[in-house]
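Look at the picture first, then read on.

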Amino acid sequence: MTTVTEAPPLAPAPETKPPRQARKRGRWTPYWLLLPGLLWLVVFFALPVIYQASTSVQTGSLEEGYKVTWHFATYWDALSEYWPQFVRSVLYAASATVLCLLLGYPLAYLIAFRAGRWRNLIMILVIAPFFTSFLIRTLAWKTILADGGPVVDALNTLHVLDVTAWLGWTAGDRVLATPLAVVCGLTYNFLPFMILPLYTSLERIDPRLHEAANDLYAKPSTTFRRVTFPLSMPGVVSGTLLTFIPASGDYINSDLLGSTDTRMVGNVIQSQFLRILDYPTAAALSFILMAAILVIVTLYIRKSGTEDLV
Amino acid sequence: MTFVNWLKRHLVVLAGLFTLAYLLLPNVVVTVFSFNNPKGRFNYTWQEFSTEAWKDPCGVSGLCTSLSLSLQIALWATLGATLLGTMIAFALVRYRFRARGAVNSLIFLPMAMPEVVMAASLLTLFLNMGAQLGFWTILIAHIMFCLSFVVVAVKARVMSMDPRLEQAAQDLYAGPVQTFLRVTLPIAAPGIAAGALLAFALSFDDFIITNFNAGSTVTFPMFVWGSAQRGTPVQVNVIGTAMFVIAVLLVVASLLIGNRRSRQKA
């Protein structure tokens with residue numbers, strides 16, 4: 001393998017001159033290859049987004065039909081009515097992202113540097129839960145965090161719940177139906193999306209860099225702070241994005257593990273669309289969410305200075 | 001002191017194992033509760049050991065129909081997304097063309113958008129077109145959101161491919177079709193397989209986009225969601241456990257085969 005890649009570059013292949021007909025066909029090949037897939041994305045992704053933008057400025061009713069009236073007040077009304085859900089979404093998603101990073105980094109580090117022959121097994125154990133429907137696994141948290149269950153009892157005995165209740169994360173002796181349960185579920189659901197990119201960028205680090213740092217009398221903590229962590233930044237950036245974006249639009253954890261007091265913007269969009277059938281408000285909400293995410297993501301990428309995410 | 005030192009040295013291992021336990025705990029619960037015999041409609045508290053559900057996994061009406069529908073949709077969506085995505089990946093790596101930036105962002109955006117936004121906008125389109133929500137709208141949606149992931153997976157593989165291998169094939173008088181089938185495709189295969197596997201997993205497990213665009217059609221995740229409101233049958237846990245076990249076995253088998261192959265090569 002190495003011999004192939006390290007061999008000196010060969011002289012460029014002699015430019016074969018295909019007959020005019022063939023060359024013309026070759027010039028169009030990329031477009032033919034791109035056409036079906038891009039058409040699919042344009043019709044079923046880009047067009048719907050534009051449609052939704054137009055729906056958000058329509059007025060009317062389900063019976064009489066909707067008309068575009070450039071009614072931008074829908075945005076204002078939606079924001080003023082549902083800003084708590086927006087704030088909650090960002091807060092919960094951000095907390096879950098931070099927790100994912102704190103929990104995921106040691107595991108990614110363990111797999112990359114310390115697992116030895118257990119590496120493959122641990123990798124399998126990280127990925128395998130993916131294949132059990134995530135709804136079933138999220139429902140399992142209802143059992144784990146059940147009132148009077150071992151987890152809640154232990155937290156109660158250790159007076160952890162008093163602290164979290166004081167912080168407003170839990171209420172009374174319960175964990176279910178509180179913000180803590182929702183954030184816990186979000187963290188759980190998106191943890192693999194943090195671990196895998198982290199692992200990929202940690203695994204690329206040359207172990208000799210660690211040895212070099214060690215030889216230069218760096219303490220292990222210094223090595224981590226000055227060598228390992230900076231080199232794993234691409235993984236941190238794409239991991240946090242892969243966690244934050246889906247978490248901010250999620251409504252499943254809030255629905256299954258939370259209560260009406262933990263409703264996120266995803267819950268509002270879902271119920272507006274599928275139960276209340278107020279399409280303009282729903283469209284406006286989802287458009288605001290999209291815009292907010294794009295702004296946050298762009299700023300974040302600028303700040304962290306990595307362009308190649310995919 | 002020695003214990004403190006030991007702790008210091010192994011702190012990262014302990015923290016990593018804690019995370020692993022956090023990741024696997026729900027699967028343990030799902031498995032244990034598949035042997036439960038719940039008293040009420042909900043399967044959240046332990047009552048007594050029973051293998052009833054394992055003997056009759058399809059015993060709940062609608063469960064296995066939804067499962068087979070999900071499998072069908074996942075298979076077709078995988079096929080569609082893999083085909084379209086592979087073509088795009090090849091075009092992106094191998095050819096120069098106009099509006100490359102626009103193409104790249106069109107592929108990146110679906111991955112950078114919360115599912116609920118895509119789901120809602122697609123539903124707006126379907127409602128405006130007066131489309132009948134059901135199998136076809138789900139399939140269309142699944143191909144749409146799986147496509148980008150396939151492109152990323154295949155692109156990575158095709159990019160690392162040595163173009164001189166294809167030139168060599170052509171020098172040895174292989175025609176373009178022969179070169180593609182006998183050289184290009186086999187080398188790109190692992191990337192295509194990874195993309196297809198990802199597409200299958202994403203489609204099979206998708207809830208949010210399906211929830212919006214399914215109408216009254218019930219896929220497996222939709223069935224689980226509905227049962228969470230009405231009462232979860234133990235059979236749901238049985239299916240969940242079976243999927244986990246099958247997935248682990250498949251991955252272990254593929255790793256073993258891969259190991260043997262690389263040993264043969266060496």
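Helices, runs of at least four residues, and strands, runs of at least two, are assigned by DSSP and numbered from the N terminus. The model discussed here is predicted.

## Overall build of chain B

Chain B contains 11 helices and zero strands. Read from the N terminus, its elements therefore run α-α-α-α-α-α-α-α-α-α-α. The radius of gyration of chain B is 23 Å, whereas the globule rule gives 18 Å for 266 residues, so chain B is more spread out than a compact globule.

The C-alpha trace of chain B spans about 70 × 70 × 40 Å along its principal axes. Of the 266 residues in chain B, 40% are buried. When contacts in chain B between residues at least 6 apart in sequence are considered, 78% of them join residues at least 24 apart.

## Contact between the chains

Chain B puts 71 residues into the contact, and chain A puts in 74 residues. On the side of chain B that touches chain A, helix H1 (residues 2-33) of chain B gives the most, with 15 residues. That side of chain B consists of 55 nonpolar, 12 polar and four charged residues.

## Helices H7 and H8 of chain B

How do the axes of H7 (residues 163-171) and H8 (residues 176-205) of chain B cross? They come within 10 Å and cross at roughly 160 degrees. Angles over 145 degrees count as roughly antiparallel, and H7(B) and H8(B) are therefore roughly antiparallel to each other. The crossing of H7(B) past H8(B) is right-handed.

H7(B) makes the contact through Leu165(B), Glu166(B), Ala169(B) and Gln170(B), and H8(B) through Thr179(B), Val183(B), Thr184(B) and Ile187(B). By type, the residues of this contact are four nonpolar, three polar and one charged.

Key. Residues are numbered from 1 along each chain as its sequence is written. Chains are lettered from A and ligands numbered from 1 in the order in which they are written. This is a predicted model: local features need pLDDT of at least 70, side-chain atom pairs count only at pLDDT 80 or more; totals for chains, interfaces and linings use all residues. Axes are lines fitted to C-alpha atoms, for helices over the stretch in contact, and angles run from 0 to 180 degrees between N-to-C directions. Angles under 35 degrees count as roughly parallel, over 145 as roughly antiparallel, 65 to 115 as roughly perpendicular and the rest as oblique. A crossing is left-handed if the near helix is turned anticlockwise from the far one by less than a right angle, and right-handed if clockwise. Two residues are in contact if their C-beta atoms, placed from the backbone, lie within 7 Å. Ala, Val, Leu, Ile, Met, Phe, Trp, Tyr, Cys and Pro count as nonpolar, Asp, Glu, Lys and Arg as charged, and the others, Gly among them, as polar. The radius of gyration is taken over C-alpha atoms; the globule rule is 2.2 Å times the number of residues to the power 0.38. A residue is buried if 20 or more other C-beta atoms lie within 10 Å of its own, exposed if 12 or fewer, and partly exposed in between; C-beta atoms are placed from the backbone.
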